[in-house]
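Student: I have a protein model open and some questions about it. Can we go through them one by one?

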Amino acid sequence: MRKLVYFVGVSLDGYIAGPNGEIDFYPVADDMWEWMRAEYPETLPTHVRPHVGLDVDAPNQKFDTLVMGRGTYDPALSIGVTSPYAHMKQYVVSSTLGRIDAPGVEVVEGDPVGLVQELKRQDGMDIWLAGGGKLAAALLEEIDELVIKSYPVVAGTGVPGFAGEFRPTLFRPTERTEFSNGVQVTWLTRA
């Protein structure tokens, strides 16, 4: 069965983005770019790939399906990109977005839990939960694994990694690696 993996970057104080969706304050070093290109190329938007030394057609390594909230999707829309991850099937969970006319992009207005449960039953690679915090909180019971890129920066405010009710949920660390910029990546599975 496929897993739902929340692969996300967070600040030291638990924010995945700034108050206006900013992510440019996260430091990324050359060795981290190399790791992303080799291990998680599908997490780099299709239109960004040529700018970071990655072939547009680089094969996916971990994920072939992406679930994201509107706040994660909006930055691409703001620059006219309707299919930011054209190399994967994309689901945008939103009750306000409306229809998007882009191949491989489906807007889901209903229950994200039902969507993920159905996706898990299908054949394929794992499912990437890209954000945001409200969607991650709504899907907490469905998250099988966390891959947390912890950046050595304090944001002060912004979009929390999980924006929901108090619901302590244990995960167990299974692996950790560190890059020259101080970023630590930790893999965790549901305890």
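Tutor: Start with G133. Its relative accessibility is 2%. Buried means under 20% relative accessible area, exposed over 50%, and partly exposed in between, with a 1.4 Å probe and protein chains only. Therefore G133 counts as buried. A word on the model: it is predicted, so local features need pLDDT of at least 70, side-chain atom pairs count only at pLDDT 80 or more, and totals for chains, interfaces and linings use all residues. Residues are numbered from 1 along each chain as its sequence is written, and side-chain values use heavy atoms, with hydrogens and water left out.

Student: Which helix holds G133?

Tutor: Helices here are DSSP runs of H or I with at least four residues, strands are runs of E with at least two, and both are numbered from the N terminus. G133 is found in helix α4.

Student: Which residues does G133 touch, not counting those up to four places away in sequence?

Tutor: Contact means heavy atoms within 4.5 Å. With residues up to four places away left out, G133 touches Y6, I16, V159, P160, G161, F162 and A163.

Student: Which residue does a cis peptide bond join to G131?

Tutor: Most peptide bonds are trans. Here omega is about 10° and the bond is cis.

Student: What is the volume of the largest pocket?

Tutor: Rolling a probe the size of a water molecule over the atoms shows where empty space is left. On a 1 Å grid over the protein atoms alone, a cavity is a set of points where a 1.4 Å probe fits but cannot get out; a pocket is an open set with protein on both sides within 12 Å along at least five of seven lines, and lining residues have an atom within 4 Å of a point. Grid points are joined across faces, edges and corners, and a volume is the space filled by probe spheres set on the points. For the largest pocket that is about 1300 Å³.

Student: Which element gives the largest share of the lining of the largest pocket?

Tutor: The lining has 43 residues, and I16, I23, T72, Y85 and A130 lie nearest the centre. Several elements supply at least two residues each, among them β1 (4–10), α1 (30–39) and β6 (126–131). The largest share is 5 residues, and it comes from α2.

Student: How many charged residues are in that lining?

Tutor: Ala, Val, Leu, Ile, Met, Phe, Trp, Tyr, Cys and Pro count as nonpolar, Asp, Glu, Lys and Arg as charged, and the others, Gly among them, as polar. The lining of the largest pocket has 28 nonpolar and 10 polar residues, and the charged ones number 5.

Student: Is N60 buried or exposed?

Tutor: N60 is in the loop between α1 and β3 (63–69). Its side chain reaches the backbone oxygen of H87 at 3.1 Å. Its relative accessibility is 19%, so N60 counts as buried.

Student: What is the relative accessible area of T157?

Tutor: T157 lies in the loop between β7 (145–150) and β8. Beyond four places in sequence, T157 touches D13, Y15, A17, G18 and P19. T157 is partly exposed, because its relative accessible area is 43%.

Terms used. Polar contact = N/O pair within 3.5 Å; in protein donor to acceptor, adjacent residues only side chain to side chain.
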